[in-house]
Amino acid sequence: MYICMCNPFTDKELDSALKNDNVRKRPSDIYKACTGGEKPCCGTCICEIRDRICAHNEETFLLAAE
Ligand code: FES
C-alpha cells in the first residue's frame with residue numbers, strides 16, 4: 001500500500017525505516033529515509049507516518065518491558 005503519493009513509497013518501505021536503528025523516529029527523518037531525502041509536498045501522509053511511529057514505539061516499549 002502506498003503511504004505517500006507525492007514522493008511515492010509504500011508501507012513496507014516505511015516499516016523498514018522504522019526498524020532501522022540508524023533512522024531517528026521523527027516524521028521528518030522517517031520521510032527522508034523513505035524517499036531518499038525528499039521533503040513532503042502536500043503533507044497528507046504525515047498523519048499516517050505519525051500513527052505508525054506511535055505504534056512502533058508502543059510495540060518497542062512493550063517488548064522492552066517483558
Ligand atoms: S502524500 Fe505525502 S507529501 Fe503528499
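In this predicted model, helix α2 buries I30, Y31 and C34. Seen down the axis of α2, these buried residues fall within an arc of 100 degrees, so they line one face of the helix. They pack against β2, α1 and α3.

**Helix α2**
- α2 spans residues 27-35.
- An α-helix has 3.6 residues a turn, so residues three or four places apart point the same way.
- In α2, I30, Y31 and C34 count as buried because each has 20 or more other C-beta atoms within 10 Å of its own.
- G36 follows α2. The phi of G36 is positive, near 75 degrees.

**Helix α1**
- α1 covers residues 11-19. Its buried residues are L14, A17 and L18.
- Those three cover an arc of only 100 degrees around the axis, which puts them on the same side of α1.
- K12 and K19 lie on the other side of α1 and are exposed.
- The cover over the buried residues of α1 includes two strands, β1 (2-4) and β2 (9-10). It also includes the helices α2 (27-35) and α3 (46-65).

**Where α1 meets α2**
- The two helices pack at an angle of about 120 degrees. Their axes are 9 Å apart.
- α1 and α2 are therefore oblique to each other.
- The crossing of α1 and α2 is right-handed.
- From α1, the contact uses E13, L14, A17 and L18. From α2, it uses I30, A33 and C34.
- By type, the contact residues divide into 6 nonpolar, no polar and 1 charged.
- E13 of α1 is the charged residue, because Glu counts as charged.
- L14, A17 and L18 of α1 take part in this contact, and they are buried in α1.
- I30 and C34 of α2 also take part, and both are buried in α2.

**R50 in α3**
- R50 sits in helix α3, which runs over residues 46-65.
- R50 counts as partly exposed because it has 13 C-beta neighbours inside 10 Å. A residue with 12 or fewer would be exposed, and one with 20 or more buried.
- R50 and P27 are 23 residues apart along the chain. Their C-alpha atoms are separated by 6.1 Å.

Notes. Residues numbered from 1 in each chain as written. Predicted model: local features only at pLDDT ≥ 70, side-chain atom pairs only at ≥ 80, totals over all residues. Helix = DSSP H or I, 4+ residues; strand = E, 2+ residues; numbered from the N terminus. Arc of directions from axis to C-beta. Contact = placed C-beta atoms within 7 Å. Axes fitted to C-alpha atoms, helices over the stretch in contact; angles between N-to-C directions. Parallel < 35°, antiparallel > 145°, perpendicular 65-115°, else oblique. Left-handed = near helix turned anticlockwise from the far one by under 90°.
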